[in-house]
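Take a look at the protein below.

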Amino acid sequence: MTAVIHASLTARRRVRELDALASGEQPDLIVVGGGVTGAGVALDAAARGLSVALLEAHDLAFGTSRFSSKLVHGGLRYLAHGHVRLARESAIERDILMRRTAPHLTRPMGQLFPRYASTSPRDHALTATGLAAGDALRRLARTPSSLLPRPRTVQAAEALALVPGLRETGLRGGLLAFDGALTDDARLVIALARTAAGLGARILTRVRALEVTAHRVRARDELTGEEIELRARQVINAAGVWSGGLVPSVRLRPSRGSHLVLDARSTGIGEAALMVPVPGELNRFVFLLPQPGGTVYLGLTDEPLDGEADDVTEVPDTDVDFLLDVASRVLDVALTRDDVRGSFAGLRPLLDTPGGRTADLSREHAVLTDASTGVVTVVGGKLTTYRVMAADAVDAAVSAAGLAAPASRTARLPLVGAASRAALTTVDAPRRLVGKYGTEAPRVAALGDVDPELARPLFEGCATTAAEVVWAVRHEGALDVEDVLQRRTRIGLVPEDAEAARPVVADLVERSLRGLD
Ligand SMILES: Cc1cc2nc3c(=O)[nH]c(=O)nc-3n(C[C@H](O)[C@H](O)[C@H](O)COP(=O)(O)OP(=O)(O)OC[C@H]3O[C@@H](n4cnc5c(N)ncnc54)[C@H](O)[C@@H]3O)c2cc1C
């Protein structure tokens, strides 16, 4: 068997592995939560030779991890707050993702900071200084300028060439900088989980943890309703904004971030992202981020959440109006709600106060060991820094449980589908597929060679093919139509597209699941 086959997640594998756990198999670690943090923990543990099972109540990347801005940040914001060590860590993690572990899922993204006659010299100088500091971080992390070019000043004509929809009146030019971007945050989580599975991790979706202690989890199989008792040498809670529901001493103050999905053509956004200063605020930007496939994400808000975190957060009208208003200030067109094709919101798992016995809140993520139950919780942080979070959590669990394990190995462990950028350019498959599947792209495309029906797009004007749906079920652990629409593909971000695709996706999922029996 090849590593790729081992890394395949299927409905059948899920049943088999859940049965083994429920029958008394005791892994070294159980991690609760299948977002980027939990999947990162599963991979870190498996790569150290530990046995590990991941329990996710819904689907991989069901929570915050699919609603991010999809940026691989270089740590500029940390630097702005004087957190030099964290900034350096972010820049290093960006380098690891972009050059070693996931070149196939990441790309450099140009970001234009336009300068108008109305832009104050102080604000412009501040932005320029910040970008120069960001570039120093790039150099510190040894990321070559051939991958992330140095920031530079651009004239008005070049600014317009980069962002054709920019308002021309009063435009004086701008600053162009580069940061990393993910093709798709949910696909990063899936790649992490599959890579972990390839090293023997048990990845169990639709399994909700109801109660946790250091060595036990009472869980429910959400597909059958059956409750089960699971045992491990150490339990890690990586349930994001829901962490406090399992370990009450973990206190969070979630904040909501909303994005709108727009058409690249209607906004006039080209290859580069557009960064728009929020009026009256220092160093805060709303941005328009071009995505593969002709859409643009307009974000980002930052509002404290009132009350409990729902499973999925709605975007309120106030966020929509705020984003459209700020973006319209620098665009040639005034954006209206008619331009909005979809929207999504996520909750940042921000730490409130340290609730555990061991807390390291000098970092933006924390690993907390609950004094009464002994459960290790890892929370906070960023998508970009998931790898260090995971390593810290596994270190804490290894020490709490007295396990013998080497240090983290993930810095040099490519994810499923990864190859160097040079090697990726030679992969014999459509570029769009290489951007999603990396070196596995030819295998996805081959499904359509064998059965031409599978080479067809799901509906007219849609880039996603039927083969991608079949692949999602056969290899990526998709169990139903929503897993495919919302997380294996991101068709669900535009509700109209989701409706158009749903019948054919439902049929393909059903047939593919039957094919697995
Ligand atoms: C709007 C927004 C934009 C962002 N943009 C960026 C960005 O551009 N770059 C960046 O680096 N970071 C970004 N972040 C931060 C980043 O997205 C988060 O830090 C990260 O995704 C959190 O991942 P997580 O795995 O900890 O949580 P989650 O992704 O929420 O995962 C937790 C999982 O636990 C599961 N779960 C909950 N309870 C249980 C239970 N009882 N049993 C089993 N499973 C359970 C949930 O279903 C969920 O899947 C952004 C955050 C927000 C909100």
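The paragraphs that follow go from the overall shape to the cores, and then to a few single residues.

Start with a caution: this is a predicted model. The protein holds 18 helices and 19 strands. How big is the box that the C-alpha atoms fill? Taken along the principal axes, the box is roughly 70 × 55 × 45 Å. Now consider the packing. A compact globule with 517 residues would have a radius of gyration near 24 Å. The protein has 22 Å, so the value agrees with that picture.

Of the 517 residues, 56% count as buried. The exposed surface comes to about 21200 Å². Carbon and sulfur atoms supply 52% of that surface.

How does the chain meet itself?

Now go to the cores. The largest nonpolar core has 46 residues. Leu29, Leu188, Ile203 and Ile236 have the most contacts inside this core. Several elements give two or more residues to the core. Among them are the strands S1 (29-32), S2 (52-56) and S19 (376-380). The helices H3 (36-47), H8 (185-198) and H12 (386-401) are also on that list. Which element gives the most? H8 does, with nine residues.

Pick out Ile203 and see what surrounds it. Leave aside its neighbours within four places in sequence. Ile203 is then in contact with Leu9, Glu17, Ala42, Leu54, Leu60, Ala193, Ala196 and Ala197. There is also a second, separate core, and it has 32 residues. Leu160, Leu166, Leu171 and Leu288 are included in this second core.

Move on to helix H16, residues 466-475. Nine of its 10 residues are buried, so the helix is largely enclosed by the rest of the structure. The buried ones include Trp471, Glu468 and His475. Just after H16 comes Gly477, with a positive phi of about 75°.

Most residues other than glycine have a negative phi. Where are two exceptions found? Ala61 is in the loop between S2 and strand S3 (71-72), and Lys70 lies in the loop between S2 and S3. Ala61 has a positive phi of about 60°, although it is not a glycine. Lys70 is not a glycine either, and its positive phi is about 65°. Are these residues buried or exposed? Ala61 is buried, with a relative accessible area of 0%. Lys70 is buried as well, with a relative accessible area of 2%. Buried here means under 20%, so a value of 2% qualifies.

Finish with Leu485, in helix H17 (residues 481-488). At 0% relative accessibility, Leu485 counts as buried. What does Leu485 touch, not counting residues up to four places away in sequence? Its partners are Arg490, Ile491, Gly492, Ala498, Ala501, Arg502 and Val505. Leu485 and Pro495 are 10 residues apart along the chain. Their C-alpha atoms are separated by 9.9 Å.

Definitions and conventions
Residues are numbered from 1 along each chain as its sequence is written. This is a predicted model: local features need pLDDT of at least 70, side-chain atom pairs count only at pLDDT 80 or more; totals for chains, interfaces and linings use all residues. Side-chain values use heavy atoms; hydrogens and water are left out. Helices (H or I, at least four residues) and strands (E, at least two) are DSSP runs, numbered from the N terminus. The radius of gyration is taken over C-alpha atoms; the globule rule is 2.2 Å times the number of residues to the power 0.38. Buried means under 20% relative accessible area, exposed over 50%, partly exposed in between (1.4 Å probe, protein chains only). Accessible areas come from the Shrake-Rupley method with a 1.4 Å probe; for residues, only the protein chains shown count as cover. A nonpolar core is a set of buried Ala, Val, Leu, Ile, Met, Phe, Trp, Tyr and Cys residues joined through side-chain atoms within 4.5 Å. Contact means heavy atoms within 4.5 Å.
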